[in-house]
Amino acid sequence: MSDLTITKIRFHNGTWEGVIQNAADNGLPPDIQVLYQDRPLEGISITEGAATSEWNLHIAIPAQAISDGVQTFVIAEGGSSGQKLESFSLIAGEAAVDDMRAEIELLRAELDMLKRAFRRHCLETS
């Protein structure tokens with residue numbers, strides 16, 4: 001069992017960012033791989049973090065991974081253990097229609113539209 005933990009910082013501009021904690025204090029970055037469709041993903045950057053046992057992880061999401069459906073990325077230890085440390089998913093297109101988060105976003109947009117219409121109505125009738 002690995003002592004490594006990964007904490008998400010943010011997902012911004014096509015890059016997933018996180019912090020790897022509890023890494024060995026030998027000055028070498030931990031051996032991390034990211035799997036997308038069961039294949040190792042290119043575009044991973046691991047840099048030194050603020051503390052001695054921390055490393056910053058940056059995962060550039062490839063353009064081909066941004067498509068309809070649910071795309072899942074698995075962050076695992078490299079080497080023979082391959083233990084899963086974290087995962088994240090991108091949801092887009094048709095699969096998002098049935099997703100509760102998509103429904104909530106649609107409701108928020110409709111509520112904002114109704115608020116604007118109500119305010120306009122109040123201004124016109126006063």
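**Exercise 1.** How many bridges join strand 7 to strand 8, and do they run parallel or antiparallel?

*Solution.* The model is a predicted one: local features need pLDDT of at least 70, side-chain atom pairs count only at pLDDT 80 or more, and totals for chains, interfaces and linings use all residues. Residues are numbered from 1 along each chain as its sequence is written, and side-chain values use heavy atoms, with hydrogens and water left out.

Step 1. Strands are DSSP runs of E with at least two residues, helices are runs of H or I with at least four residues, and both are numbered from the N terminus. Two strands pair if DSSP finds at least two bridges between them.

Step 2. Strand 7 and strand 8 run antiparallel and are joined by 8 bridges. Within this pairing, Gly69 stands opposite Ala92 in strand 8.

Step 3. An open sheet of 4 strands with antiparallel pairing has the order 4-3-7-8. Strand 4 (39-40) and strand 8 each have a single partner strand, so one side of each lacks a neighbour in the sheet.

**Exercise 2.** Which residues touch the most other members of the largest nonpolar core?

*Solution.* Step 1. A nonpolar core is a set of buried Ala, Val, Leu, Ile, Met, Phe, Trp, Tyr and Cys residues joined through side-chain atoms within 4.5 Å. Buried means under 20% relative accessible area, exposed over 50%, and partly exposed in between, with a 1.4 Å probe and protein chains only.

Step 1. The largest such core has 19 residues, of which Ile59, Phe73 and Ile75 touch the most other members. At least two residues each come from strand 2, strand 3 (32-36), strand 6, strand 7 (69-77) and strand 8 (84-92).

Step 2. Contact means heavy atoms within 4.5 Å. Beyond its neighbours within four places in sequence, Ile75 is in contact with residues including Ile6, Trp16, Leu57, Ile59 and Phe88.

Step 3. Ile9, in strand 1, is exposed because its relative accessible area is 51%.

**Exercise 3.** How many salt bridges are counted?

*Solution.* Step 1. A salt bridge is a side-chain nitrogen of Lys or Arg within 4 Å of a carboxyl oxygen of Asp or Glu. The count comes to 2.

Step 1. Arg10 and Glu17 form a salt bridge at 3.1 Å, N to O. Arg10 is partly exposed at 40% relative accessibility, whereas Glu17 is buried at 15%.

Step 2. Asp112 forms a salt bridge with Lys115, with the closest N and O atoms 3.5 Å apart. These two residues are 3 residues apart in helix 2 (residues 100-125), so about one helical turn separates them.
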